[in-house]
Amino acid sequence: MAPEQMGQGMGRPGLDRRHFLAGLGGLTVAGSLGFAALGTGADALASGADTRVRYWNLFSGGDGYNMIAMLDAFRAANPDIDVKDSTLQWGSPFYTKLAMAAAGNRAPDLGVMHLGRVTGFSPGRLLDPWDVDLLAKYGVRQADFNPELWKRAVVDGTLYALPLDIHVQLCFYRKDVLKKAGLLGDDGKMVAVTSVDEWFDVLKEAKKATKKGLQTIGMWSSDQNFQWWFFVAFYTQLGGTWFDDADTEVTFDTDKATQVLEFLRRHVTDGYSDPGFAGGAGAEQFVNGGPFVWEGNWSVPVFDGAKIEYGATPLPPVFGKQATHAESHSFVLPHQADRGGAANEGAHQLAAYIVQHAQQWAAGGHIPAYTPTLTTAAYQKMNPQSEYVSAMDHQATEPKVWFAGSTGILAQRVGPIVVSATLGSAEPDAAARSMKSTLTELLAMKNPMDGKTAAQGGAVA
Amino acid sequence: MTTSAQTVIAPSRARTAAAGATVRRKQGFQHGGWFVAPFLALFALFVIWPLLRGFYLSFTDANISGDATSFVGLDNYREALDDPLVWESLGNSAYFTLLVVPCITVLAFLLAMLAHHIERGKWLWRLCFFAPFLLPSTVAANLWQWLFNPGTGMINFVFGGETPWLTDKSYAMLAVVVCTLWWTVGFSFLLYLAALQGIPAHLYEAAKLDGANAWHRMVHITLPMLRNITGLVLALQILASLQVFDQAVVMMDFLPGPEGSTRTFVQYTLEEGFTSYRVGYASAISIIFFVIIAAVALARMWLLRNREEGGR
């Protein structure tokens, strides 16, 4: 109604006072509507932008806030591109919608996925490849990324994902408690640990300095995802492998796995981790004064908000080699039959911009994948982010097969077995054997997306 | 008593109806048909069609994206019977049912007796017992997730100890059961209360005159008069409990619980369909589940009919 009034008022030559006021009112209303639309990116026409990029992501909470801030910065820098972003629920519902949209040719121009799930998401059919030249045009090159990370984004020689970050499992520690226990170095950081014995000595000392009623370490001992991530980290420290290169044989080493499971179990049997505080209660205990908690880096804003004195390192290299579990948020191009043109270029431009301007993203604890960010003074000043940035070079990841990836089938099947060993309802060696037989089953399973087993899927690396 | 009275009346009513029906059938459809059409349309669209489609998909290897589907015959069913997780999750649903059904039936009966006999503040009792049923499952589950929190929750605070209710496989399902009892007992309670109010007062008066004490009146009047409603409560609870899903999933943060101990059959179907993307396989196991539930419902009908015939 407002534009109509506006048209009338302005179109008529004999403009009387009443019409002028009506026209003015209409203009104000239209103007504010347009402004609102610009703010939310709701409508390309209202904002006067030439190109519209539809972008689906799964970020809520603090990550969601940071993502929107980065999008707004992009909008301010590129007024000719209208970004219409939709935030969908994290986890399986997101992937379900993305898959169905891609298959039904209603896909957005840009999406976000966990890198580990790209291989199973039928790249080539449900995902379109990135135009590397177009990315380079907007300032993003392979050389700016950790080579291992980049390799994970490439399937059959083609780039299907553009990593935004890696998110890693960390050992958070309370500086106040560790200081009391004499475990804090002169640099204000936790003393280095290089063996299992050293680690348990640290726990022993820390326990003495811990308030009554608090556990020494929170480690999500009943959570199938966390326990699986911790397993992946320590198993990688031992140099363990999963499958041979052709994905035809299971090379999983049950001796090494048993060693890891015994290590995890010992935290419970030696009384450092209380099964009563097995889940999210671990973080509560940490905030209340527990010395250690193993958590994802996304807990950084939580502990920042709690105003406690803490630091964070990658999971301790107790088996001699640095490695901590890492997964990655990455941008993908969901399949569109007619992909191309301005919207596609806009998607490249937007993804490239956000990858290069991920300083804000690091506030959420994630390590930006674009390595030039990591050496900036601004990033180096961030604490504890700069303390665990080395994790970029020591990533322990799930095998690159279709059934892997964040909260995927692999974690769902194998995770509970790790938990059963940690909590003591299965013996570590029996659990290790059971993990191996589950891996064997999964290797023989066909990917529902293309009816091929991991081996038939071809050389994905 | 009451059942045999009903069965005597029923056939005669049916005969009258049949006689009138021939005359009214045509006219009846014209009017009634239009009234039920909106329902039938939605029913066909959201129940019949998905059911038929699911049946068809169960013979295919369909994935979530819906393309590249081929016919695989009985492969999905064969795989399901060999899948340990099918049996494990079925066992979990059965275990839940076994715990919930007797507890809820007894509890609903006791609460109804209480609300029926207490003179003061009757409305308050009824409201208290029924109100939780009005909550959405997510609200109830979140509430109990807080109550069961090992460190800060009220349950451990009141009863002492540090019982890991939600993170230990031997307690997790019990926690879900307790939440379910609190949340859903109100419905059965209401059925019992209505039935109690429907028992004619003169039966109790006559018994009193004959010298029956409170215990005798309960055993010989109240319980027999509630037999039908107990059958109904049991049947509804069994069918509802076998389909347990939402409260368990929310209480366990959308995971299958410690070591998979609260993974119900419905949850496993969901996992296969929407995490593993195996829509064909998920359809097959949900058809298996459908058959099991239908068998339970039919078995109940068969038992009921036998009992009625025996009673006649």
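Biologist: How many of the residues of chain A count as buried, as a percentage?

Modeller: First, a word on what you're looking at: this is a predicted model, in which local features need pLDDT of at least 70, side-chain atom pairs count only at pLDDT 80 or more, and totals for chains, interfaces and linings use all residues. Residues are numbered from 1 along each chain as its sequence is written, while chains are lettered from A and ligands numbered from 1 in the order in which they are written. Now, a residue is buried if 20 or more other C-beta atoms lie within 10 Å of its own, exposed if 12 or fewer, and partly exposed in between, with C-beta atoms placed from the backbone. In chain A, 49% of the 461 residues count as buried.

Biologist: What does the secondary structure of chain A come to?

Modeller: Helices (H or I, at least four residues) and strands (E, at least two) are DSSP runs, numbered from the N terminus. Chain A has 19 helices and 15 strands.

Biologist: How many residues of chain A are in contact with chain B?

Modeller: Two residues are in contact if their C-beta atoms, placed from the backbone, lie within 7 Å. Here 28 residues of chain A touch 28 residues of chain B. On chain A's side, the elements giving two or more residues are helix 5 (92-103), helix 12 (281-287) and helix 18 (409-422). Helix 5 of chain A provides the largest share, 6 residues. By type, that side of chain A has 14 nonpolar, 12 polar and 2 charged residues. For the classes, Ala, Val, Leu, Ile, Met, Phe, Trp, Tyr, Cys and Pro count as nonpolar, Asp, Glu, Lys and Arg as charged, and the others, Gly among them, as polar.

Biologist: And inside chain A, what share of the contacts between residues at least 6 apart join residues at least 24 apart?

Modeller: That share is 77% in chain A.

Biologist: At what angle do helix 11 and helix 19 of chain A cross?

Modeller: Axes are lines fitted to C-alpha atoms, for helices over the stretch in contact, and angles run from 0 to 180 degrees between N-to-C directions. Helix 11 (residues 254-269) and helix 19 (residues 428-444) of chain A cross at roughly 130°, and their axes come within 8 Å. So helix 11 of chain A is oblique to helix 19 of chain A. Angles under 35 degrees count as roughly parallel, over 145 as roughly antiparallel, 65 to 115 as roughly perpendicular and the rest as oblique. Residues meeting there include Leu261(A) and Arg265(A) from helix 11 of chain A, and Ala432(A) and Met435(A) from helix 19 of chain A. The contact residues divide into 6 nonpolar, 2 polar and 5 charged.

Biologist: Over in chain B, how do helix 3 and helix 10 pack?

Modeller: Helix 3 (residues 84-117) and helix 10 (residues 227-242) of chain B have axes 9 Å apart and an angle of about 150°. They are therefore roughly antiparallel. Among the residues that meet are Phe96(B) and Val100(B) of helix 3, and Leu234(B) and Ile238(B) of helix 10. This contact has 9 nonpolar, 6 polar and no charged residues.

Biologist: Is helix 12 of chain B enclosed or open?

Modeller: Helix 12 (residues 265-274) of chain B is largely enclosed by the rest of the structure, because 7 of its 10 residues are buried. Phe265(B) and Tyr268(B) are among the buried ones.

Biologist: Which residues does UniProt list as "transmembrane region" in chain B?

Modeller: UniProt positions are given in the numbering used here, feature names are shortened, and annotations may be inferred rather than shown by experiment. The unreviewed UniProt entry lists several stretches of chain B, including 127-147 and 171-194. Residues 127-147 of chain B are 71% helix and 0% strand, with end C-alpha atoms 22 Å apart. Residues 171-194 of chain B are 100% helix, and their end C-alpha atoms lie 35 Å apart.

Biologist: How many C-beta neighbours does Asp253(B) have inside 10 Å?

Modeller: Asp253(B) has 13, so it counts as partly exposed. Phe254(B), with 14 other C-beta atoms within 10 Å, is partly exposed.
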